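Please open the structure in your viewer and keep the selection tool at hand.

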Amino acid sequence: MTAVLTRSTFRHGVHPPEQKDETSHLAIRRFPFAPVLVVPLNQHLGKPAVSTVREGEEVVRGQTIGKPDGFMSVAMHAPASGLVRRITLAPSAGGSMVESVFIEPHPAASQEVDDGEPCDVETASSEEIVAAIQQAGIVGLGGAAFPTHVKLRPPEGKEFDTLLINGVECEPYLTTDHRVMLEQTADIFMGVRYLLKATGAPKAIIAVEANKRDAVQKLERALPEDLPLEVAVCPVKYPQGAEKMVIKALLGREVPSGGLPADVGTICINVATTAEIGRLLPHGRGIQERVITIGGPAIRHKGNYRIPIGTTVRFALETTGVTGDLSRVFLGGPMMGPAVSNLDVPITKGTSGITAFTTNEISKATGHREIYPCIRCARCVEACPLYLNPSHLGLLAKNEQYPEMAEDFNLMDCFECGACSYVCPSHIPLVQYFRLAKKMVRKLEATA
Amino acid sequence: MSRMSRYLEIGSSPHVTSGASVDVIMRNVVYALLPVCAFAIYSFGAAAALVLVTATLSCVATEQVLCRLLSRPSTVGDWSVTITGILYGLTLPPDLPLWMVAVGGVFAVAVGKFLFGGLGSNAFNPALVGRAFLQAAFPQAMTHWAAPLGDARFMDLPQSTLALPFVEPGYDAVTTATPLALMKFEGIQAANQELMYGLTAGSTGETCAVLIALGGLYLVARNMMNWRTPISILTTVAILTLLMNWLEPGDYPRPAFMLFSGGLMLGAVYMATDMVASPITNAGCWLYGALIGLLVVVIRFWGGMPEGVMYAILLANAVSPHIDRLIQPRVFGTRGGKT
């Protein structure tokens, strides 16, 4: 099959500088083990895993150290062979304290992983694949960290007509999905086979933005004859990697407000998640590491690294080295990535990168700018991919009219892509207001 | 690793921005207006230059003084008041006494802008508020037009320019009627070319349609103006004029005359597009523009005055918040309206 050169994209959106050239050509390299790995038991949305190891116990790399607690939960695996030093509360990137397993890898511990019980794509049933994906601890690696197995089966009375593989990677600086598409092409195809079988979808489309031409070529050239997969190229635009946007771009369908992709007959899986499924399931292994981009002007040895889960940001930055005056470190890209206040937080399954800025970038971009009143220039209205009215929502937020924002102006649809704040010439912290407003609305709903 | 032991700065994403800034947008509007000012001075001479300078200075000074009086940081640096000043100056007759210019400038900023809460809160275009005030206060002086391209326009000032406050201004002999007044009261239509290049009597800036359109194109190209508003206004005026011509041939002017005469171009491109006082959605801008176009045609054809752009825009400004309430963007994944 040949690539469909789609001209289609979603409406609105913004064009931040892509900043991918410095790492997109760098092959994925293995990261060394840190002296201590901090593995949180809830790296995913839903219920935390239940620890199956005790303090002082020896663990082997790849061994299950946490079992899923119900359906909305996934398994955890030891990222290295070593000693469980303690199981206690540790700071997470989100700021809260979460129960975590501290593992001290043995010096010179092997990176080899033992195989578990394999899941054969030819013979396994749909349910068996779903169970294997949960046991492998797989969650959305694009950043959402939603347990993948939960969304694989269509809800009662619905079916999937298309499986979408999301290789858009629209965040500036991040090049992990790009490298995975180049280097793990076969894993992706294998993952697609598992996913097609699990979801019952008759065909799949993989979406790639036009700034990753080499990945498109690689995918096209290597595509097996018997795999019903199309490669679609989308024009570069942020936030095209958001689930609703990629569905709109490729299929022209709008996921209903408050609804799921299943409501429009589709399911969207990140390309790195797909590659992990294809890489791990045939060997019955679980996720002990992931690919991240460590980049940004403050990083000395920028690159794409396969890094053990639980590596602290501090160890990662010490290993790659920092230059200049490090000022702000955030997980993921600069549009949506949360800044860390504490370098001892670990890399988890949902972390797609570490980006580090110096004071120079920060002052250039966001530092000490005068905030003007809203002049109703409508740039935010033209940027919002969900066609909200950020200008008006901003005024309401300033007056703390949170319930009105939710009821009359669809606040809760906002997925915090930050396009409004990015374009605002008055430098009004719109998305920052909306994050707060959403929290307040949830709080009000919980107490009501 | 000593570098990493220092404090980390925390900030909520996005950590990058487009670099757009209100003062940059406003400054570009000023740039776009400069050719129009230059042509006004070429056409009407030193008097027009003095009117424009006085208008701008009175507006800027008023903003500065009011900020000081209200103990607020000065907002002159956002350049919005400079636009108000220049636009206000461009709406005035070139031989208007300068003291009147200054009084109107103070009114435009103090009442048109500050009384409503300053930048971002002004319900009406402040420049037009200033002009409307003068129109009501000094109806005679505001309808007294000098002919363009007078021989001595750079050497001599009209007597009226330096008239003392509250003294009946004396006028020189060389005055004329605007094309719209000629049309309305005597049924004479000026030639298209004269109107396009602005070689007719009128306010300082309501003359050269070509330069106004070029300035507008520059702002549209830089994403600093919503083109839908002026296009909607001009299209509505053209269509309604064609319609009247078709219904009663001979009684109404041709569409080109309507488009290029009076303040329509200046108003459509620079005044109606005041972001603060116009709707925020594109659909809203179409409706708002159509409303202005309709009002312009109604006032010009059937009203008592030859020109109606100012009142058309001010009235539409008043309706703009209601248009915004009526037309909201259709939220993704909904059919529109409440979900």
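How are H11(A) and H12(A) oriented to each other, roughly parallel or roughly antiparallel? Before answering, bear in mind that this is a predicted model, and then select helix H11, residues 390–398 of chain A, together with helix H12, residues 402–409 of chain A. Two packed helices are described by the angle between their axes and the distance between the axes. Here the axes come within 8 Å and cross at roughly 155°, and because angles over 145 degrees count as roughly antiparallel, H11(A) and H12(A) are roughly antiparallel to each other.

Stay with this pair and show the side chains of the residues that make the contact, which on H11(A) are A:His392, A:Leu393, A:Leu396 and A:Ala397, and on H12(A) are A:Glu404, A:Met405 and A:Phe409. Colouring these residues by class gives 5 nonpolar, 1 polar and 1 charged.

Next, select domain 2 of chain A, which the domain assignment places at 379–447, and with it domain 1 of chain A, which is assigned as 21–26 + 137–283. The C-alpha centres of the two domains lie 28 Å apart, and their contact takes 5 residues from domain 1 and 6 residues from domain 2. On the side of domain 1 that touches domain 2, the residues divide into 4 nonpolar, 1 polar and no charged.

Now bring chain B into view, for which the average pLDDT is 89, with 96% of the residues scoring at least 70, while the model scores ipTM 0.90 and pTM 0.91. The contact of the chains takes 54 residues from chain A and 37 residues from chain B. Among the elements of chain A that give two or more residues to the side touching chain B are helix H8 (313–320), strand E15 (326–331) and helix H14 (430–447); the largest share, 5 residues, comes from E15(A). By class, this side of chain A has 31 nonpolar, 13 polar and 10 charged residues.

For the last stop, select the strands of chain A that form an open sheet in the order E3-E5-E6, with antiparallel pairing. Strand E3 (50–51) and strand E6 (76–77) stand at the edges, each with a single partner strand, so one side of each is left without a neighbour in the sheet. Zoom in on E3(A) and strand E5 (residues 64–67), which pair over 2 bridges in the antiparallel sense, and find A:Val50, which stands opposite A:Lys67 in E5(A).

Technical notes:
Residues numbered from 1 in each chain as written. Chains lettered and ligands numbered in written order. Predicted model: local features only at pLDDT ≥ 70, side-chain atom pairs only at ≥ 80, totals over all residues. Axes fitted to C-alpha atoms, helices over the stretch in contact; angles between N-to-C directions. Helix = DSSP H or I, 4+ residues; strand = E, 2+ residues; numbered from the N terminus. Parallel < 35°, antiparallel > 145°, perpendicular 65-115°, else oblique. Contact = placed C-beta atoms within 7 Å. Nonpolar A, V, L, I, M, F, W, Y, C, P; charged D, E, K, R; others polar. Pairing = 2+ DSSP bridges. pLDDT = per-residue confidence, 0-100. Domains from an automatic or database assignment.
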